[in-house]
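Here is a short briefing on one protein model. Look at the structure first, then read the points by topic.

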Amino acid sequence: MSEASERSVEQTVRHELSGGVGWITLDRPEALNAIDAGQRDRLIALLRQASADPDTRAVVLTATGRGFCTGADLRSRPGSGPGAGPPRPPGPGDVARTIRDGAQALVAAVLDCEKPVIAAVNGIAAGIGAHLALACDLVVAAESARFIEIFARRGLVPDGGGAYLLTRLVGVHKAKELIFLADDVPAAEALALGLVNRVVPDDDLESAAREWAERLAVGPTRAFALAKNLVNRALEVDRATAFREEADAVELNMATDDGREGVRAFAERRAPEFSGH
Ligand SMILES: CCCCCCCCCCCCC/C=C/C(=O)SCCNC(=O)CCNC(=O)[C@H](O)C(C)(C)COP(=O)(O)OP(=O)(O)OC[C@H]1O[C@@H](n2cnc3c(N)ncnc32)[C@H](O)[C@@H]1OP(=O)(O)O
């Protein structure tokens, strides 16, 4: 039985809402926060709930110990309890379905979350764990953090949007280098590559993530959601589509309370009070 299955998924994937910020914390440090299917599914559920919850204005994704997330838990097998027989070999399409419904759904839950998601990377981010961090809107890394596109070490094809994310973040040649060579990328190099926004001393990670998250949590939440979607789509659509969707987003936002509050506050020479609606 994997350690994960001895503790509840609520214990190993913790959630706390504080000051409008939803904190999601992976807490299985003894396995460097590798995730099994249950933990993956809880992460997806929490991100989807955060997206819909009006009291959640921003999300921070972090972990305990020296691992942020080292990808799929390669030691836990579904139904691998005592007396379980040998694993059934996957049938045709089974693995592709697992990837679609699992790793890809997890990364999509981050990209589609209608709240800003900050990754506070406390340590090693490997495999789908790296993609979980890199899919976030803002990435703050501890100096000791490192990113590993580790799949090639396991003879695997990157999944969970690895090629999609890396190519957009660092370009074709560097993406192929990271995928083919699977070398560790220390935080400072990740910053130089544009994989992360900030690198801070390990002890300052939580406060740095909290500072950004609390600023976002009092900002124009709907405008952030609309802008996030425009940026996410910017590399996929042509200019005409991008300009049309931008104009539609501006019009949508002007119909929100915050879309009017910002300009009104400026005219009245006072600080805006954004409600998030
Ligand atoms: C979305 C996931 C759903 C999961 C569903 C089931 C999965 C089925 C497999 C199908 C996979 C499809 C999707 C794949 C996604 C991936 O992410 S594939 C990549 C998987 N991850 C890895 O290959 C990383 C494995 N870990 C390492 O290579 C090393 O630990 C490290 C990251 C390079 C760090 O090395 P080091 O600092 O030397 O620490 P260690 O001593 O190796 O590790 C400390 C303990 O943590 C345990 N551990 C680390 N990573 C994992 C892991 N991924 N799974 C399980 N356990 C892990 C490690 O075993 C050590 O434990 P102990 O031996 O008990 O001390």
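N122 counts as buried because its relative accessibility is 11%, and buried means under 20% relative accessible area, exposed over 50%, partly exposed in between (1.4 Å probe, protein chains only). This is a predicted model, in which local features need pLDDT of at least 70 and side-chain atom pairs count only at pLDDT 80 or more, while totals for chains, interfaces and linings use all residues. Residues are numbered from 1 along each chain as its sequence is written, and side-chain values use heavy atoms, with hydrogens and water left out.

- N122 sits in the loop between β5 and β6 (124-126). Helices (H or I, at least four residues) and strands (E, at least two) are DSSP runs, numbered from the N terminus.

- Six strands make up an open sheet. Their order is β1-β2-β3-β5-β7-β10, and the pairing is mixed.
- Two strands pair if DSSP finds at least two bridges between them.
- Which strands stand at the edges? They are β1 (13-18) and β10 (198-200). Each has a single partner strand, so one side of each lacks a neighbour in the sheet.
- On average, neighbouring strands of this sheet are turned by 20° against each other, direction ignored. For such values, axes are lines fitted to C-alpha atoms, for helices over the stretch in contact, and angles run from 0 to 180 degrees between N-to-C directions.

**Strand by strand**

- Strand β2 (residues 21-26) runs parallel to β3, and six bridges join them. G22 stands opposite V59 in β3.
- V21 belongs to strand β2. V21 is buried, with a relative accessible area of 1%.
- V21 and T56 are 35 residues apart along the chain, yet their C-alpha atoms are separated by 5.7 Å.
- Strand β3 (residues 58-63) is joined to β5 by three bridges, and the two run parallel. Here V59 stands opposite V117 in β5.
- How many residues of strand β5 (residues 117-121) are buried? Five of its five are, so to speak, under cover.
- Both faces of β5 are covered. V117, A119 and V121 are buried on one side, and I118 and A120 on the other.
- β5 also pairs with strand β7 (residues 138-142), in the parallel sense, over four bridges. The bridge partner of I118 in β7 is L138.
- β7 is mostly covered, with four of its five residues buried.
- β7 pairs with β10 in the parallel sense over three bridges. There, A142 has V200 in β10 as its bridge partner.

**Around the ligand**

- A polar backbone atom of T70 is 2.8 Å from a nitrogen atom of the ligand.
- A polar backbone atom of I128 is 3.0 Å from an oxygen atom of the ligand.
- R154 has a polar side-chain atom 2.6 Å from an oxygen atom of the ligand.
- On its own the ligand has 1200 Å² of accessible area, and the protein covers 69% of that. Accessible areas come from the Shrake-Rupley method with a 1.4 Å probe; for residues, only the protein chains shown count as cover.

**Two residues with positive phi**

- N33 has a positive phi of about 60°, although it is not a glycine. N33 lies in the loop between β2 and α3 (37-52). N33 is buried, at a relative accessible area of 1%.
- R269 is not a glycine either, and its phi is positive at about 55°. R269 is found in the segment after α12 (257-267).
- Is R269 buried or exposed? R269 counts as exposed, at 79% relative accessibility.

Conventions:
Polar contact = N/O pair within 3.5 Å; in protein donor to acceptor, adjacent residues only side chain to side chain.
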